[in-house]
Amino acid sequence: MTEIPVLETKRLVLRGPEPQDYPDFKATFASYRSRFMGGPLTPYETWMLYAAEIGHWEIRGFGMWMVHLRDSDETVGMAGGWFPAKWPEREIAWIIWPDKAGMGFALEATHRVRAHFYDSQGWDGAVSYIDPKNLDSIRLAERLGATKDPEAASIDGSDAVYRHPEPQALRGTQLAHGIDMEIANFQNPLFKPKGWAID
């Protein structure tokens, strides 16, 4: 049985997916929110995907964490690594529940899991496969320093590949400081984002 590490940030605690977390996952993948990830899904499809989320940890030794609020233990989404069969490269992925978007949770969680993969698991890079119409996720990938890689192999030819910076680009650099500053803004309870809600 793979022991899934617990990751923490100022606002969040990231733990492996557990059976009691399934209802929020099911509601999200049955909603319009999941349209860029193959959804909305039927109850059976949602169950199979959640089982895959748990099984992925056993097969690959890494996977997606459930993102919990530190103060309440409420789940707000998922973030982590994804590398099913026929995926060209290891992916860093995320999804935030529909009513929790726009509060910086995806940025904070994804920045933390990427640091774990780089620093603790020795990854030398990663990509994110994003539907070209999913502008929120594209903006988030860019805020994390990822850039579109038109030469990279995609999953099925319909997705855009965003390549994350290599580890050395995220250690004490201006990019890393900028990400940390943006996360700190969202962590400030007095901070009120302006404009469109983005993860």
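1. Tyr-44 belongs to helix 2 (residues 43-60) and is exposed, its relative accessible area being 57%. The burial classes are: buried under 20% relative accessible area, exposed over 50%, and partly exposed in between (1.4 Å probe, protein chains only).

2. The model is predicted: local features need pLDDT of at least 70 and side-chain atom pairs count only at pLDDT 80 or more, while totals for chains, interfaces and linings use all residues. Residues are numbered from 1 along each chain as its sequence is written, and side-chain values use heavy atoms, with hydrogens and water left out.

3. Helices (H or I, at least four residues) and strands (E, at least two) are DSSP runs numbered from the N terminus. Axes are lines fitted to C-alpha atoms, for helices over the stretch in contact, with angles running from 0 to 180 degrees between N-to-C directions.

4. For helix 3 (residues 105-120) and helix 5 (residues 174-187), the axes also come within 10 Å, crossing at roughly 140°. That angle makes helix 3 oblique to helix 5. Angles under 35 degrees count as roughly parallel, over 145 as roughly antiparallel, 65 to 115 as roughly perpendicular and the rest as oblique. The crossing of helix 3 and helix 5 is left-handed. A crossing is left-handed if the near helix is turned anticlockwise from the far one by less than a right angle, and right-handed if clockwise.

5. How many salt bridges does a search of the whole structure find? The search returns ten, a salt bridge being a side-chain nitrogen of Lys or Arg within 4 Å of a carboxyl oxygen of Asp or Glu. One of them joins Arg-163 to Glu-89, with the closest N and O atoms 2.8 Å apart. Arg-163 lies in strand 8 (residues 160-163) and Glu-89 in the loop between strand 4 (75-82) and strand 5 (91-96), so the pair ties together parts that are 74 residues apart in sequence. Arg-163 is partly exposed at 27%, and Glu-89 is partly exposed at 24%. A network of salt bridges links Glu-89, Asp-149 and Arg-163.

6. Arg-143 and Glu-182 form a further salt bridge, their closest N and O atoms being 2.7 Å apart. This pair links distant parts of the chain, with Arg-143 in helix 4 (residues 135-143) and Glu-182 in helix 5, 39 residues apart. Arg-143 is buried, at 16% relative accessible area, whereas Glu-182 is partly exposed at 23%.

7. Lys-133 and Asp-131 also meet in a salt bridge (3.3 Å, N to O). Lys-133 is exposed at 59% relative accessibility, while Asp-131 counts as buried at 19%.

8. Asp-21 sits in the loop between strand 2 (12-15) and helix 1, and is buried with a relative accessible area of 7%. Its C-alpha atom is separated by 25 Å from that of Ile-130, the two residues being 109 residues apart along the chain.
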